[in-house]
Amino acid sequence: MSRLLMFPEPFPDEDIRSIVFRYHVRSVNVEFYESRYELFGIRSYKQTVFPKRLNVLFERLPIGNKFTVDSLLYEHTWYGLYKAFFTSERNRKMLHIMKYGSDTQGNPNGQPNTGFQSILSSEIKYCPECVIEDEQKFGEIYVHRLHQVSFLHSCPKHHVRLLTKCPVCKCNYGNVETGKLLQAASCKLGHAMNSEHVNLDERGITLQYDLLEDMIFIRDKHDELSNETIFFKCLEQLFKRGYITSTGVHLKKALLSDLIASYSPDLIILNMDFSSVYFKNAILNREMMTNFIGFYLLLARFLCGSFKDFMSSQDSLSLQIPFGVGPWACENSKCVNRNIPKIKSCIRKIVNGRLGTYSISYDCESCNLTTILKGTPTSYKVSFHNRRILEVVSKDYGLQEIIDAQDQMAAGIEIDTYRTKLRRDLSRLLEQNTYQKRSDIRRSAESMYRWFMRNDKEWFEDKIPRKISQDSIKLNFQEIDLDLQAKIRVAGEGIDPNYHLPIRRGTILNLLDKKDHNRFRHYYRDKLPASNQEIDRFVESRKQFLIRSIPRHYSKLVEQGKVKVSVNKFKETSVSYYLNGDDEVDHHILIFLQENGALL
């Protein structure tokens, strides 16, 4: 292909999609996909947030141009932001896709999503005041990269609402599917854009601007930041604040609870939802960070006040030995050696690895008591045991002590006393609480539960709730199958006919409740035949998807002014995969055009 005669000079902070559209306006091309083909060798109307096949563009740019790949990516897209969150391997693949294109459709390492939970908007947004200023200053309107942030609802410069569509006729000002963008300060029907000023005291406005400032900081510092450094800063700060235990367990539930409490109800204004199971499983995973950039922006502010302070923090992940290395002091208030650190040996145990709780016990020769510290090094309880009783009671837990014959008789008397005390404590506990299951008792008094099961099981079994028979909790799969079949039918029939993706099993299952979703996933092979058959009624083959999409693609042609088209023209000007259709698909296109009086 020959070199281009011209290519528009980008405006300050202009989105690359706007640059491509302004080229189209200046060209002699009637259809936008023709301009896309000239620039990138791609026959498509759709514009993506990051370009593909830049190698074609740079081979065709006019001689003497000063464009570079870096200048386009880092000055006219948000790639610098994404680069900081990409792993090095993902960054390498993404750069290859942008320079040379992708060999496979639907590449999971390709374009980041723009929609739910995305940091970039799926719709083109304009500031009415910026539109007027740009038209006066440059003689043209263009898309500002800054405005395309999903949670940003107003222009930081003019403090007016950002608009995606005309409030009168509801038509979009810009459409990434057709490639068409705004060319005048009005919609295509002539309705003028109106400016609605926002109150800076309005809830969420300040937070939006603060998060935008963090995004700009990351974007402009992309050469200094990386997925690895951001991730390990997260670990440092979470460990410092107790959201990662000393055994490495991530306390996600506690973290999300505190984060939501700190920013609620601003999360609704920011269009952020942290309730999905997918989100909870994917956070704090280096490979998935780009899917939840908004979360990490909020997390950095929650932990350190701003992303800049977050990255400049100097906390380490050093792990202290729980309760130190000694010597320790007896905690008995009546001991003559109280608060004198002279005990040099202890027994150390992990109580709960998930919560990072430990216990240590050490003996005092002066008062003959064993001091036990149990909890975390910063929050623990102190208890005491008579050493002789402790030795006998703990015998079943592995502390095999030699007790001479004379002491056995005395110890036996003491163990009976200890058993009587525990029985009295358990009876009082059962009177105070109504326990439905044994596990409830175990959670309330685990040490007591374990002691009884080892040393006084017969009496204990008679007092606590009986074991639940497995026969009483068997699932009635016939009823479940019929109920699930009806729910799948409702979900499938409720899918919008204009749904833009092929309907797969996951499409249906994602519309069900979590409980029904999981039941189908676990039992569909052999226990849910009706549900299995029902869901297959809605799953589409590639051919069925193409046939269903015919009205949707025709409506796009109507928006472009093509009311009557031939079958071949429909295929050429619609998405490229119609070109690889078969006779049956062509026949459906023909019938549709005939029935709608649109056949040329």
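Biologist: Let's start with Glu 534, which has its place in helix 23. Why does Glu 534 count as buried?

Modeller: Its relative accessibility is 5%. Buried means under 20% relative accessible area, exposed over 50%, and partly exposed in between, with a 1.4 Å probe and protein chains only. At 5%, Glu 534 therefore counts as buried. A word on the source: this is a predicted model, where local features need pLDDT of at least 70, side-chain atom pairs count only at pLDDT 80 or more, and totals for chains, interfaces and linings use all residues. Residues are numbered from 1 along each chain as its sequence is written, and side-chain values use heavy atoms, leaving out hydrogens and water.

Biologist: Which residues does Glu 534 touch, leaving aside those up to four places away in sequence?

Modeller: Gln 485, Ile 488 and Arg 489, where contact means heavy atoms within 4.5 Å. Helix 23 (residues 529-538) also has Ala 530, Ser 531, Asn 532, Ile 535 and Phe 538 among its buried residues. The buried residues of this helix pack against helix 20 (477-493), helix 21 (505-509) and helix 22 (514-523).

Biologist: What makes helix 20 and helix 23 roughly parallel?

Modeller: They pack at an angle of about 10°, with axes 8 Å apart. Angles under 35 degrees count as roughly parallel, over 145 as roughly antiparallel, 65 to 115 as roughly perpendicular and the rest as oblique. The axes are lines fitted to C-alpha atoms over the stretch in contact, and angles run from 0 to 180 degrees between N-to-C directions. That is why helix 20 is called roughly parallel to helix 23. By class, this contact divides into 6 nonpolar, 3 polar and 5 charged residues. Among those that meet are Asp 481 and Arg 489 in helix 20, and Glu 534 and Arg 537 in helix 23.

Biologist: Why are helix 10 and helix 13 called roughly perpendicular?

Modeller: Helix 10 (residues 252-263) and helix 13 (residues 293-304) pack at about 80°, with their axes 11 Å apart. The helices are therefore roughly perpendicular to each other. In helix 10, Leu 255, Leu 259 and Tyr 263 are among the residues that meet helix 13, whose side of the contact includes Phe 295, Leu 298 and Phe 302. This contact has 8 nonpolar, 1 polar and 2 charged residues.

Biologist: Which residues of the largest nonpolar core touch the most other members?

Modeller: Phe 85, Tyr 126 and Phe 295, out of 96 residues. Such a core is a set of buried Ala, Val, Leu, Ile, Met, Phe, Trp, Tyr and Cys residues joined through side-chain atoms within 4.5 Å. Helix 13 gives the most to this core, with 8 residues. Apart from it lies another core, of 14 residues, including Leu 429 and Phe 452.

Biologist: What makes Gly 179 buried?

Modeller: Its relative accessibility is 0%, and therefore Gly 179 counts as buried. This glycine is in the loop between helix 7 (128-138) and helix 8. Its C-alpha is separated by 7.1 Å from that of Phe 21, 158 residues apart along the chain. Beyond its neighbours within four places, Gly 179 is in contact with Phe 21, Phe 32, Tyr 45 and Gln 47.

Biologist: Why is Arg 53 called partly exposed?

Modeller: Its relative accessible area of 30% makes Arg 53 partly exposed. Arg 53 lies in the loop between helix 2 (32-40) and helix 3 (54-60), and its phi is near 60°, a positive value in a residue other than glycine. Leu 284 also has a positive phi, of about 60°, but Leu 284 is buried, with a relative accessible area of 10%.

Biologist: How many helices and strands does the protein chain have?

Modeller: There are 27 helices and 4 strands, taken as DSSP runs (H or I, at least four residues, for helices; E, at least two, for strands). Of the 600 residues, 44% count as buried.

Notes: Nonpolar A, V, L, I, M, F, W, Y, C, P; charged D, E, K, R; others polar.
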